[in-house]
Amino acid sequence: MKAIALVSGGLDSTLAARIIKDLAVDLIALNTRSPFCLCNRKKADGSCSHEAGRVSQELGVKIIAINTATEFLEIVKKPKHGYGSHMNPCLDCRILLFKKAKEAMAKEGASFVITGEVLGQRPMSQRLAAMKLIEKESGLEGLVVRPLSAKVLEPTIPEKMGWIEREKLLAISGRGRKEQIALASSLGIKDYPCPSGGCLLTDPEFSRRLKDLMQYDELNLKDIQLLKIGRHFRVSKLAKLIVGRNEPENNRLASLKEENDFFFQPLELAGPSALLRAKSADNSILELCSRMVAKYCDGADTQTKILCRRNPLQEYQFIVSPKNEEALAAYRIN
Ligand code: SF4
């Protein structure tokens, strides 16, 4: 018997896959990459090492990694089932994931799908009614086994058909983590990330930044990377400034700079780098941005010099006084 295991790299999906693998089911891990991944093993520059690959290697199963970023972005813009508490379209997100699992099932000749979902753990997508809706809309009714919660759910087709023993499955429900942690310990699973509680779309600050991008029709995959770092300022309808908060963020901003972006750096004092992404920016905008950068320079009480570079042919220097905190607040996206 073959099954597709949805593996995020977190503890729950790892345990679910392990339980089913121990029942001698031939597993194939499926992981979808999202630009909104909230990895708690994030590097200082905002990027993250991917856990699903490591988990599948440890389980000794093949992994299929698919990038659903473009499709997911369309969902984020207009989710059929709406948002959760912030910009998280959890129901539509899960439906997309399950549809991908269904496609993988057909391709790999698998008979069912396994997830690490726990009844009642997530307020939006792991309620019973939501789980049923997701299964129905993805065309996987009765074919999704949730080994951690199976005994508090109706028997699935694989259980009814005797493909897997229901008795070997668990009855965990609710938001607690004690049972999963104890199970991990008994199975010798030690290296797992702490539960993150969702993706970046559940973060209020990130959601505000995302809404700003949507409001100005700037939502695309490249700009999402910028949302993950720095302080954000809407300096005009056509321009947004991101100011680094530390050296790794300054370096990350430099690596994300595109041909038409303006890049700011202080010339006389220690201070942040900043990136201006603009459809249009005149001299007054560049000067405003320089004053914002000056605000975050060490000891910039009076005037200081800020370099603004777009490309080797477009380079300016501004001698500016720092913008004060109160004035800055009017531009801040928070
Ligand atoms: S928290 Fe994010 S990744 Fe998780 S289901 Fe919701 S939208 Fe999808």
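Modeller: The model is predicted, and local features need pLDDT of at least 70, side-chain atom pairs count only at pLDDT 80 or more, while totals for chains, interfaces and linings use all residues. Residues are numbered from 1 along each chain as its sequence is written.

Colleague: How many helices and strands does the chain have?

Modeller: The chain holds 12 helices and 11 strands, taken as DSSP runs numbered from the N terminus (helices are H or I with at least four residues, strands are E with at least two).

Colleague: Why are α1 and α7 called oblique to each other?

Modeller: The axes of α1 (residues 11–21) and α7 (residues 178–186) come within 10 Å and cross at roughly 55°. Angles under 35 degrees count as roughly parallel, over 145 as roughly antiparallel and 65 to 115 as roughly perpendicular, with the rest oblique, and therefore α1 and α7 are oblique to each other.

Colleague: Which residues of α1 and α7 meet?

Modeller: On the α1 side they are Leu11, Asp12 and Leu15, and these meet Gln180, Leu183 and Ala184 of α7. Sorted by class, this contact of α1 with α7 has four nonpolar residues, one polar and one charged, given that Ala, Val, Leu, Ile, Met, Phe, Trp, Tyr, Cys and Pro count as nonpolar, Asp, Glu, Lys and Arg as charged, and the others, Gly among them, as polar.

Colleague: What makes Ala24 buried or exposed?

Modeller: A residue is buried if 20 or more other C-beta atoms lie within 10 Å of its own, exposed if 12 or fewer, and partly exposed in between, with C-beta atoms placed from the backbone. Ala24 has 8 other C-beta atoms within 10 Å, and therefore Ala24 is exposed. Ala24 lies in the loop between α1 and β2 (26–33), and its phi is near 65°, a positive value in a residue other than glycine.

Colleague: How do you know whether Asp217 is buried or exposed?

Modeller: The count for Asp217 is 8 other C-beta atoms within 10 Å, which means that Asp217 is exposed. Asp217 is found in the loop between α8 (204–215) and α9 (221–227), and the phi of Asp217 is near 55°, a positive value in a residue other than glycine.

Colleague: What percentage of the 334 residues in the chain is buried?

Modeller: Of the 334 residues in the chain, 41% are buried.

Terms used
Axes are lines fitted to C-alpha atoms, for helices over the stretch in contact, and angles run from 0 to 180 degrees between N-to-C directions. Two residues are in contact if their C-beta atoms, placed from the backbone, lie within 7 Å.
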